[in-house]
Amino acid sequence: MRVLTAKEYDWVGDEQGDEQLEEAKTLLKRFTFIIDQACFTDSMIHTGRELNLELDRNILGNTHHRHDSIRERFANDTLYEYVKHRFRYDIALYEWAKTQSIIQCNNLT
């Protein structure tokens, strides 16, 4: 999130973190396209259509494959909870950005 804000990110202070989260959202609202990496190929195809470009799905590849949950990948609940708290604003920004994405990945079958 600090890449999208002008201030140094305060990992502890909730008030400053909330402020920076809103600042990052404001910047992202100015973007023409927001793409969720969870459905990157479909998003790129859709973006190409919007720009009157024909993109080949075979070149982009297929990114639809199942991953273990993040908690399962950590295989350590203490570490998982620490990282989740440490990056809570980044996670909040990602969750918000997914709702703004050119394609809603949850709606894909």
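**Terms and the values behind them**

Modeller: This is a predicted model. Read along the sequence, the protein chain follows the pattern α-α-α-α-α-α, and its secondary structure comes to 6 helices and 0 strands.

Biologist: Why is Asp 36 called buried?

Modeller: Asp 36 has a relative accessible area of 5%. Buried means under 20%, so Asp 36 is buried. Asp 36 is found in the loop between helix 1 (14-28) and helix 2 (40-50). In the protein chain, buried residues make up 25% of the 109 residues.

Biologist: Which residues does Asp 36 touch, not counting residues up to four places away in sequence?

Modeller: Asp 36 touches Ser 43, Tyr 94, Lys 98, Ser 101 and Cys 105 on that count. Contact means heavy atoms within 4.5 Å. Asp 36 and Tyr 94 are 58 residues apart along the chain, and their C-alpha atoms are separated by 8.7 Å.

Biologist: What makes a set of residues a nonpolar core, and which residues form the largest one?

Modeller: The members must be buried residues of the listed kinds, among them Ala, Leu, Ile, Trp and Tyr, joined through side-chain atoms within 4.5 Å. The largest nonpolar core has 8 residues: Leu 21, Ala 24, Leu 28, Ile 34, Tyr 89, Leu 93, Trp 96 and Ala 97. Helix 1 and helix 6 (88-100) are the elements that give two or more residues to this core, and helix 6 gives the most, with 4 residues.

Biologist: Which residues is Trp 96 in contact with, leaving aside its neighbours within four places in sequence?

Modeller: Trp 96 is in contact with Lys 25, Leu 28 and Lys 29.

Key. Residues are numbered from 1 along each chain as its sequence is written. This is a predicted model: local features need pLDDT of at least 70, side-chain atom pairs count only at pLDDT 80 or more; totals for chains, interfaces and linings use all residues. Side-chain values use heavy atoms; hydrogens and water are left out. Buried means under 20% relative accessible area, exposed over 50%, partly exposed in between (1.4 Å probe, protein chains only).
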